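Q: I would like to learn how to read a fold from its sheets, core and rings. Could we go through one together?

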Amino acid sequence: IQFLGHDFELHHSNEGVTEELRLFGVHEPSATAAYLDTLSPGDHILDVGSNLGYYLLLAAQKVGSTGRLLGFEPAPGVYEVLERNVRKSGFTNIQVSPYAMGASTGTLQFYESEIPNWGSIFQDNRLQQTRATTVQARTVDDLVANSPGFHPKALRMDVEGAELMVLAGARQVLEKYK
């Protein structure tokens, strides 16, 4: 599809965010509007569970060339699409990595789903999971500490129930940047 004036690749599955974007051109309209209302030019954003890059690219446009975005997506096939979408977007202020974000650094089992935005670090048959993959896990605290000049204004995440684990690994960032 065309998204923000560029080709935007959807997942081969016609469910989840892909279905919404194909049908309506927007994903979660109220959440999208509320999120964009919180951002300003020059902001630095952490995007955990970037999926295909929908929120990441919208934020990149809103924060402009002086803003910075770090995006994370652990699902291997979804990450590949995310990388292509970022590259096609022309935004140079986005850096993506194939990490799961959590409470500690190491590795985690990630359960991929037939519906690309339902992948999770929790095994749950209701999420139509297809296979488990070992992925690298990092903490928000470690990533921000190792990203000179990065001062996060927002932490957007969609991690299918692992939000508290991400926040446990973000204590220093949350304290410092509120």
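A: Gladly. Let us begin with an open sheet of three strands, ordered β6-β8-β7 with mixed pairing. Its edge strands, each pairing on one side only, are β6 and β7 (106–113). The model is a predicted one, where local features need pLDDT of at least 70, side-chain atom pairs count only at pLDDT 80 or more, and totals for chains, interfaces and linings use all residues. Residues are numbered from 1 along each chain as its sequence is written, and side-chain values use heavy atoms, with hydrogens and water left out.

Q: How are strands and their pairing defined?

A: Strands of a sheet pair through backbone hydrogen bonds, either parallel or antiparallel. Helices (H or I, at least four residues) and strands (E, at least two) are DSSP runs, numbered from the N terminus. Two strands pair if DSSP finds at least two bridges between them.

Q: In which sense do β7 and β8 pair, and over how many bridges?

A: β7 and strand β8 (residues 129–138) are antiparallel, with eight bridges. Within β8, Q136 stands opposite T107.

Q: And in which sense do β4 and β5 pair?

A: Those two strands run parallel, with four bridges between them. L69 stands opposite I94 in β5. From β4 the chain crosses through helix α4 (residues 76–89) to β5, in a right-handed β-α-β crossover. Right-handed means that, with the strands pointing away from the viewer, the path from the first strand over the helix to the second runs clockwise.

Q: Which residues have the most contacts inside the largest nonpolar core?

A: A nonpolar core is a set of buried Ala, Val, Leu, Ile, Met, Phe, Trp, Tyr and Cys residues joined through side-chain atoms within 4.5 Å. Buried means under 20% relative accessible area, exposed over 50%, and partly exposed in between (1.4 Å probe, protein chains only). Here the largest core has 45 residues, and L69, I94 and V140 have the most contacts inside it. The elements giving two or more residues to this core are α1 (17–24), β3 (44–48), α3, β4, α4, β5, β6 and α5 (140–145). Its largest share, eight residues, comes from α3.

Q: How many residues of α3 are buried?

A: Helix α3 (residues 54–63) has eight buried residues out of ten, so the helix is mostly covered. Among the buried ones are Y54, Y55, L56 and V63. Just after α3, G64 takes a positive phi of about 70°.

Q: Which residues does I94 touch?

A: Contact means heavy atoms within 4.5 Å. Not counting residues up to four places away in sequence, I94 touches L56, L57, A60, L69 and V86.

Q: How do I read aromatic pairs?

A: Rings of Phe, Tyr and Trp (its six-membered ring) pair if their centres lie within 6.5 Å; planes under 30 degrees apart count as stacked, over 60 as edge-to-face and the rest as tilted. The structure holds five such pairs. F72 and Y99 are stacked, at 6.4 Å centre to centre with 25° between the planes. This pair links distant parts of the chain: F72 is in strand β4 (residues 68–72) and Y99 in the loop between β5 (94–97) and β6 (100–101), 27 residues apart. F72 is buried, at a relative accessible area of 3%. One aromatic cluster is formed by F3, F8, Y35, Y54 and Y55.

Q: Which residue lies over the face of Y99?

A: A charge sits over a ring if NZ of Lys or CZ of Arg is within 6 Å of the ring centre and within 35 degrees of the ring normal. In this case R138 lies over Y99, at 5.1 Å from the ring centre.

Q: Is E73 buried or exposed?

A: E73 is buried, with a relative accessible area of 5%, and its place is in the loop between β4 and α4. Not counting residues up to four places away in sequence, E73 has contacts that include S50, L82 and Y99. S50 lies in the loop between β3 and α3 and is also buried, at 3% relative accessibility.
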